Amino acid sequence: MTTIRLTAAQAMVRYLAAQKNGDGERLIPGCWAIFGHGNVAGLGEALQQAGDAFPTWRGHNEQGMAHAAIAFAKARNRRQAMAVTTSIGPGATNMVTAAALAHVNRLPVLFVPGDVFANRAPDPVLQQVEDFDDGTVSANDCFRPVSRYFDRIQRPEQLLSALPRAMRVFTDPADCGPVTLAFCQDVQAEAFDWPVTFFEERVWRVRRPRADVTELLEAAQAIKAAKTPLIIAGGGVHYSGACEALRGFAERHGIPVAETQAGKSALAFDHPLNFGAIGVTGAASANDIAERADLVIAVGTRLQDFTTGSWALFKNPACRLLCLNVAAYDAAKHDALALVADARSGLEDLGAALGDYSAPAPDAALKDSWMAAVAAVTAAPRGNDLPSDAQVIGAVQRGLDDAAVVLGAAGGLPGELHKLWKAARPGGYHMEYGYSCMGYEIAGGLGAKMACPDREVVVMVGDGSYMMMNSELATSVMLGLKIIVVLLDNRGFGCINRLQVATGGESFNNLLDTARHVTPSDIDFAAHAASMGAIAEKVDGIASLEEALVRARASTRSHVIVIDTDPLASTDAGGHWWDVAVPEVSGQARVRDARGHYETILKQRRSSN
Ligand SMILES: Cc1ncc(C[n+]2csc(CCOP(=O)(O)OP(=O)(O)O)c2C)c(N)n1
Ligand SMILES: [Mg+2]
């Protein structure tokens, strides 16, 4: 056996650089890194030696780097995944939230936090978490529940099995998610004689599991028996490359389509069968059909509570659930008729089984009146009141072309965007709404831009999320990866304040003015963004926002536009109840009223399910 002597870190880098996806691209195109003790001497040396053969990007915050990597993988429809390496201790645990985000969203990313010495000689090292009862515990054990595959590399040769397992997870459509390889720092630097075959180019194709024949027949029968079926398109439609198959299936069988946050843009907004967003942040048109549906065909969706209106949305007592999902876990949810298959092949096979079956035509007027409602709330305002999020969304939409990608994650914006954004092309709508993690937005915009350099990436972010994490804006400037950021400053956590009041609470600790303070908060966001090298401006209303967007599109550097907005306004049209538990006893009458209302709805849900 021909061997080559390399350190374990050098071997990891060499192996990662040799992996290809089914499109002939690098499966792992490079590595984000913030060094410290635990990775600078080992992986740091290996990455530096690799140079352009395996590029390294330096971020400003471990979570931010990981958000960029995750957004990249999402925007590439899981065809590629990035690596992220950190020092031991705080660098590593800074990344745990991002690992959870990747796990919830089923997105591939390779986390390589440094770990304590395998030989334990210098114990305890700086930043070591010491467990009094368990010598095998380190800070990196926090990654276990938020990794699809977790391993601790305590000997170099463990990489021979751990790395292929990681690639398997990234390219397995059902198991896809984050992998953590906690890499002991002494092991990174240790030499080993590796078989040269380990570093040969390897192609990882994502398989398309076909449906079981019996499940397929049962599913086709259920559809044929349905009078008011509805398709819910989830993120799996994108990841499977099934957007065209979905369109063909819906058209051939005349079945209306509604979209989840992750599924949105699977079908063009103006397609006659696209009835819009579904659920808590849904369109009235889609929710109307969902309420009456006798069969819900859920394709590639986890069916989280925002999609199902906390399971109170489907009001037809005869409603059945058919779940087409590549993951048996998701297909079997809520007593569904399971159809375990890849979305694209599953839709194709279902179509063949259905023949020329066509559902009764859905009511097109529902869609027309919803589009009229969208036009009304997104139109430019007449007066001088602070604009609503919806009015800002309207201006941003008017200022962009069809290819643009709008990106967001937390606050009031994802809900408004889900309802109102007109997504014309697949991938033009990038919402991280599995973990809805504040601070994803700007770093995510950077990752999306790396994935789609030819598309304009527009990040829509609230003041709260911006304050939570903004430092990768400087990275976008440094890397010449231009993003547009529209920052809506409503002076606080507007959506949580609205939720607080809607559940009977007093306005408390959400808006900056109703939080305990000595000096009223007055943050100059434009100055802050400019200090990181971005072009930044504050506009005084919708008309000047539209002008600024023209400048932002012409900019070659990341461009931030700040606009003051109304914290109390949100779109009343559409939407659905969401289960947020209200206190059972309270000294406040408004809370008691809210509890009474809450209990009424809970009773309805029980009787309808
Ligand atoms: C990391 C994280 N912490 C807390 C939350 C809970 N949360 C959701 S939205 C939100 C407020 C967001 O404020 P902002 O970005 O200004 O948006 P707005 O609600 O004002 O539209 C909070 C605290 C979260 N989603 N993520
Ligand atoms: Mg806000």
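## Close-up views of a predicted model

**Figure 1. The chain as a whole.** Buried residues account for 58% of the 609 residues in the chain, and the model shown in this and the following views is a predicted one. The chain contains 24 helices and 22 strands, and its C-alpha atoms fill a box of roughly 70 × 65 × 55 Å along the principal axes. Because a compact globule with 609 residues would have a radius of gyration near 25 Å, the 25 Å found for the chain agrees with that expectation. Of the contacts between residues at least 6 apart in sequence, 76% join residues at least 24 apart.

**Figure 2. The open sheet of six strands.** The strands follow the order β18-β17-β19-β20-β22-β21, and their pairing is parallel. The edges are formed by β18 (429–431) and β21 (535–539), each of which has a single partner strand, so that one side of each is left without a neighbour in the sheet. From one strand to the next, the twist averages 20°. In general, the strands of a sheet pair through backbone hydrogen bonds, in either a parallel or an antiparallel manner.

Figure 3. Strand β21 is joined by five bridges to strand β22, which comprises residues 559–564, and the two strands run parallel. Within this pairing, E537 has I561 in β22 as its bridge partner.

**Figure 4. Helices α17 and α18 against the sheet.** Helix α17, formed by residues 413–420, lies across β17 (405–408), β18, β19 (457–462) and β20 (484–489), and runs at about 150° to β18. Helix α18, formed by residues 440–451, packs on the sheet as well, where it touches β17, β18, β19 and β20, and the direction of α18 makes about 175° with that of β19.

**Figure 5. The crossing of helices α1 and α6.** The axes of α1 (residues 8–17) and α6 (residues 159–171) come within 11 Å and cross at roughly 35°, and the crossing in which α1 passes α6 is right-handed. On the α1 side the contact involves A8, M12, Y15 and L16, which meet L159, L163, P164 and M167 on the α6 side. Sorted by class, this contact of α1 with α6 holds eight nonpolar residues, with no polar and no charged residues.

Methods
Residues are numbered from 1 along each chain as its sequence is written. Chains are lettered from A and ligands numbered from 1 in the order in which they are written. This is a predicted model: local features need pLDDT of at least 70, side-chain atom pairs count only at pLDDT 80 or more; totals for chains, interfaces and linings use all residues. Side-chain values use heavy atoms; hydrogens and water are left out. Two strands pair if DSSP finds at least two bridges between them. Helices (H or I, at least four residues) and strands (E, at least two) are DSSP runs, numbered from the N terminus. Axes are lines fitted to C-alpha atoms, for helices over the stretch in contact, and angles run from 0 to 180 degrees between N-to-C directions. Contact means heavy atoms within 4.5 Å. A crossing is left-handed if the near helix is turned anticlockwise from the far one by less than a right angle, and right-handed if clockwise. Ala, Val, Leu, Ile, Met, Phe, Trp, Tyr, Cys and Pro count as nonpolar, Asp, Glu, Lys and Arg as charged, and the others, Gly among them, as polar. The radius of gyration is taken over C-alpha atoms; the globule rule is 2.2 Å times the number of residues to the power 0.38. Buried means under 20% relative accessible area, exposed over 50%, partly exposed in between (1.4 Å probe, protein chains only).
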